[in-house]
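The following exercises are to be worked with the sequence and the coordinates at hand.

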Amino acid sequence: MGDFLQSELEKAQQCLLETYELAASYGDNEEKDTSKYLQLMEEICQIREVAIRNEDALKVAMEERSVAAFESAFRGAVNRAEKKFQAKKTREYKKFANRLEEASRSASSDTIPSNKTKDGALVEMDMQVNIYDPITKKRMVDPVKNTICGHIYEMKSIQDAIQIKPRLRCPVAGCGNNQYINMSHLKPDNGLKLHLQRIAEGENNNDSDD
Ligand SMILES: [Zn+2]
């Protein structure tokens with residue numbers, strides 16, 4: 001199969017997995033339903049299989065020296081291969097299914113904001129992702145994560161704070177990160193952003209219902 005198609009299919013698969021990881025942490029029950037993702041993965045396997053099959057059939061057909069013979073060799077080879085193929089039995093599909101399961105398990109063990117805790121209150125506080133900016137105390141819109149300590153801030157307010165004080169340490173009380181914050185430490189937290197958007201949408205819907 002062509003390298004281009006191969007790499008596009010791998011990207012699609014990766015994208016699907018990342019979408020699920022987001023959904024598993026922040027999505028509603030419908031979005032958490034793995035069957036949709038598995039079905040799409042099945043289709044990805046099928047596309048890959050069709051590409052391989054066509055390539056093989058083409059090789060067989062190219063040995064023929066008339067159009068009719070070419071056509072019949074090509075179709076014959078495609079059909080023979082088609083009968084055997086079961087996407088769910090492929091290595092790629094099984095691997096994908098396992099990774100979905102892992103993502104689902106890890107999401108349910110640290111869902112936010114959750115009151116479940118295995119090791120007492122302290123752990124709970126650490127695990128709970130705050131939706132409020134530690135600087136302005138307002139609910140965030142564009143959260144960025146400090147990749148050194150994991151704390152999250154509103155993008156605008158941390159940028160402003162660095163402008164005012166270039167040698168700024170993580171403003172979260174009790175944070176053990178001693179490094180001055182550098183823009184390169186900050187990474188958009190798209191999962192949390194989605195979660196915040198959901199909260200905002202929910203509020204808007206409630207408003208219009210009244
Ligand atoms: Zn911190």
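The model is predicted: local features require pLDDT of at least 70, side-chain atom pairs count only at pLDDT 80 or more, and totals for chains, interfaces and linings use all residues. Residues are numbered from 1 along each chain as its sequence is written, and side-chain values use heavy atoms, with hydrogens and water left out.

**Exercise 1.** State the mean pLDDT of the protein chain and the share of its residues that reach 70 or more.

Solution. pLDDT is the predictor's confidence in each residue, from 0 to 100. Its mean over the protein chain is 83, and 87% of the residues reach 70 or more. Residues 110-127 have a pLDDT below 50.

**Exercise 2.** Identify the protein donors of the zinc ion and determine the arrangement of the donor atoms.

Solution. Donors are N, O and S atoms within 2.8 Å of the metal (3.2 Å for Na, K and Ca); water is not among the atoms, so sites may look incomplete.
- Step 1: Cys-149 (SG), His-151 (ND1), Cys-170 (SG) and Cys-175 (SG) lie 2.1 to 2.3 Å from the zinc ion.
- Step 2: The 4 donor atoms subtend angles of 102 to 117° around the ion, so the arrangement is tetrahedral; four donors count as such if all angles lie between 85 and 135 degrees.
- Step 3: The sequence spacing of the donor residues is C-x1-H-x18-C-x4-C.
- Step 4: His-151 is in the loop between β1 (143-146) and β2 (152-154), and Cys-175 is in the loop between α7 (155-164) and β3 (186-188), so this pair ties together parts 24 residues apart in sequence. Helices (H or I, at least four residues) and strands (E, at least two) are DSSP runs, numbered from the N terminus.

**Exercise 3.** Which residues of α7 are buried, and which exposed residues does the face turned away from them carry?

Solution. 
- Step 1: Ser-157, Ile-158, Ala-161 and Ile-162 are buried.
- Step 2: The face turned away carries exposed Lys-156, Gln-163 and Ile-164.

Technical notes:
Contact = heavy atoms within 4.5 Å. Tetrahedral: all angles 85-135°; square planar, octahedral: opposite > 155°, others 65-115°. Buried < 20%, exposed > 50% of the residue type's maximum accessible area, 1.4 Å probe, protein only.
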